[in-house]
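Subject: Structure handover and findings

Dear colleague,

I am passing on the structure we spoke about, with the sequence alongside, and below it I set out what was found. Please bear in mind throughout that this is a predicted model.

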Amino acid sequence: MEDIEDLLVGGGGGAPPGFRIPVAAAVGIKPKKSVSRDYLKDYNTSKIPGTQTIYIKTFGCSHNQSDSEYMAGQLSAFGYNLSENQDEADLWLINTCTVKSPSQSAMDTLITKCRNAKKPLVVAGCVPQGSRDLKELDGVSIVGVQQIDRVVEVVEETLKGHEVRLLTRKTLPALDLPKVRKNMFVEILPINVGCLGACTYCKTKHARGHLGSYTVDGLVGRVRSVIADGVKEIWLSSEDTGAYGRDIGVNLPILLNSLVAELPSDGSTMLRIGMTNPPYILEHLKEIAEVLRHPCVYSFLHVPVQSGSDRVLTAMNREYTVGEFRTVVDTLMELVPGMQIATDIICGFPGETDEDFEETVNLIKDYKLPQVHISQFYPRPGTPAARMKKVPSNIVKRRSRELTTVFESFTPYVGMEGKIERIWITDIATDGSHLVGHTKGYIQVLVVGPESMLGSSATVKITSVGRWSVFGEVIEIHSQNTKPRKNSARVEKISCSDSKETCCSEESETCACGLSSGCGQTEEATEVSVLKDDQKTGEIRSQNLIGYLLRKRKNSSHRKIENQVVKEMDGNEGTSNDWAFVDKALLVGIVMSLLTIIAIFRFWL
């Protein structure tokens with residue numbers, strides 16, 4: 001096994017601006033004891049570097065989704081092709097979630113499938129960062145949560161048959177890295193990593209670490225950039241949005257007011273505030289309510305309560321009381337018209353009594369919130385809660401079913417029929433016949449219309465209501481999207497019935513102590529892909545001559561390369577004498593790069 005450490009050779013040096021030093025010269029390689037990689041012995045590594053196809057699978061929260069989009073963007077910019085097809089991929093990249101056992105079990109299943117397919121594998125995300133010694137990760141390359149900006153290096157070395165592990169924490173990844181969005185109209189913007197809490201059941205803290213916030217100026221710059229790109233929804237993502245800035249001397253209201261000032265005055269781009277725990281917004285409730293009233297900010301907030309019992313909250317080390325949660329909800333409901341609040345509940349936490357659970361049921365009945373994510377307790381290895389005495393599983397399941405029945409009896413959208421609402425349309429429904437929009441309160445509205453309406457805002461009349469969404473009829477389109485739609489990756493969801501979870505929303509949300517991949521849904525597995533004809537981003541972003549030529553080669557003679565690969569996989573070693581212009585230009589580029597490297601090293605010596 002060869003482990004790449006986070007050390008530059010020579011300690012200072014580095015490459016000139018815009019020039020890429022080969023991986024072997026850019027990092028130190030520290031040999032370790034050998035680990036069997038027999039599952040790769042039949043894999044053919046003869047393809048030209050940067051032309052291989054990568055399959056990316058993402059589990060978990062919106063922060064994980066953003067990380068995958070950044071990794072996909074870098075790989076695409078360097079010349080790699082991204083695909084939804086596992087079989088045609090040369091390497092699999094799995095971005096993992098450690099919040100609950102089902103998501104990690106899904107990761108284990110996928111790793112086994114990849115090994116059986118004899119494909120090179122890179123694992124990223126919270127699982128390897130928080131549990132680097134897992135036996136399932138033996139012989140697998142790893143990218144840490146703060147090393148996503150080096151994913152190209154890891155993929156390159158893994159395709160050569162090396163095992164690479166980048167887990168050392170460093171500065172936060174840059175926000176302006178190349179990015180391939182799952183939805184071209186939605187930007188998931190991480191405002192900080194880690195948190196200030198120490199919840200006894202939470203494994204994410206082991207992976208994401210202590211609070212680290214991006215600067216206000218950096219986030220404002222990113223918002224300006226994505227609005228110019230045509231983004232219509234900006235989701236602020238974090239393990240705890242409310243804790244933002246406490247490590248750099250600012251706070252959430254300062255950030256929110258700075259971001260709102262950048263939003264277009266016509267309301268064409270909306271801001272959605274991410275999940276926040278009660279402790280860190282109590283002192284800013286009025287300021288946050290003012291932001292939520294802004295016409296370009298969704299009147300929606302995800303505030304996990306986890307339990308209606310103060311005794312259980314103390315055992316969870318949640319650092320707030322049920323009364324303080326009620327203060328947050330009551331204040332926002334009073335100050336923000338049409339305010340919608342989502343929450344999370346953990347059933348069967350160790351030590352939870354029938355009386356504790358009854359308090360939780362009463363809390364949910366009191367507010368009748370439209371979105372509640374109900375989860376059974378999952379002990380995570382290495383957490384204090386895993387050592388606590390567990391509630392019998394049959395009781396946990398019974399409580400989960402009972403609370404689910406209570407929640408599903410609510411009819412939160414009754415009374416909306418006939419109302420006129422403005423919505424922002426950003427996606428296509430899973431039925432393929434409706435477009436998905438959201439009201440100012442982030443209520444999901446399904447409308448019929450052409451795909452050209454995606455990215456637009458419209459006034460609709462609510463024609464009927466359902467349990468999880470409402471249906472509308474378009475009356476007027478306010479802002480028509482003029483950019484052509486590019487096919488984006490589809491979302492592959494685990495059904496509630498399979499996972500014993502209660503679904504109430506389709507948007508992914510943060511993990512951490514919220515314990516939910518999305519308010520009202522289980523772990524969301526997302527495959528990020530980009531079409532073969534969608535090369536514009538890579539061509540603009542790439543600063544590497546060889547990478548540019550490789551992409552041009554793929555565009556002009558893609559069929560020829562595929563035929564060559566088939567021959568190579570069949571063991572044919574014959575070569576083609578038909579050299580196209582791009583082939584010659586590629587060869588000249590390689591020679592020039594090698595001569596430049598030699599000249600630079602001679603100059604340094």
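To begin with the sheets, there is an open one made of 3 strands, arranged in the order β14-β15-β16, in which the pairing is parallel. The edge positions are held by β14 (300-302) and β16 (371-376), each of which has a single partner strand, so one side of each is left without a neighbour in the sheet. From one strand to the next, the twist averages 15 degrees. Within this sheet, β14 pairs with β15 (residues 340-347) in the parallel sense over 3 bridges, and phenylalanine 300 has glutamine 340 in β15 as its bridge partner.

Turning to the helices, the axes of α2 and α5 (residues 151-159) come within 9 Å and cross at roughly 65 degrees, and the crossing is right-handed. On the α2 side the residues in contact are Met71, Gln74, Leu75 and Phe78, which meet Val151, Val152, Val155 and Glu156 in α5. Sorted by class, this contact of α2 with α5 has 6 nonpolar, 1 polar and 1 charged residues.

The structure holds 6 cavities of 30 Å³ or more, and the second largest cavity contains about 70 Å³ of space. That second largest cavity is lined by 13 residues, of which His63, Asp67, Ile148, Pro173 and Tyr214 are the closest to its centre. Helix α2 (residues 62-78) provides the largest share of the lining, namely 4 residues, and by class the lining of this second largest cavity has 9 nonpolar, 2 polar and 2 charged residues.

With best regards

Definitions and conventions
Residues are numbered from 1 along each chain as its sequence is written. This is a predicted model: local features need pLDDT of at least 70, side-chain atom pairs count only at pLDDT 80 or more; totals for chains, interfaces and linings use all residues. Side-chain values use heavy atoms; hydrogens and water are left out. On a 1 Å grid over the protein atoms alone, a cavity is a set of points where a 1.4 Å probe fits but cannot get out, and a pocket is an open set with protein on both sides within 12 Å along at least five of seven lines; lining residues have an atom within 4 Å of a point. Grid points are joined across faces, edges and corners, and a volume is the space filled by probe spheres set on the points. Helices (H or I, at least four residues) and strands (E, at least two) are DSSP runs, numbered from the N terminus. Ala, Val, Leu, Ile, Met, Phe, Trp, Tyr, Cys and Pro count as nonpolar, Asp, Glu, Lys and Arg as charged, and the others, Gly among them, as polar. Axes are lines fitted to C-alpha atoms, for helices over the stretch in contact, and angles run from 0 to 180 degrees between N-to-C directions. A crossing is left-handed if the near helix is turned anticlockwise from the far one by less than a right angle, and right-handed if clockwise. Contact means heavy atoms within 4.5 Å. Two strands pair if DSSP finds at least two bridges between them.
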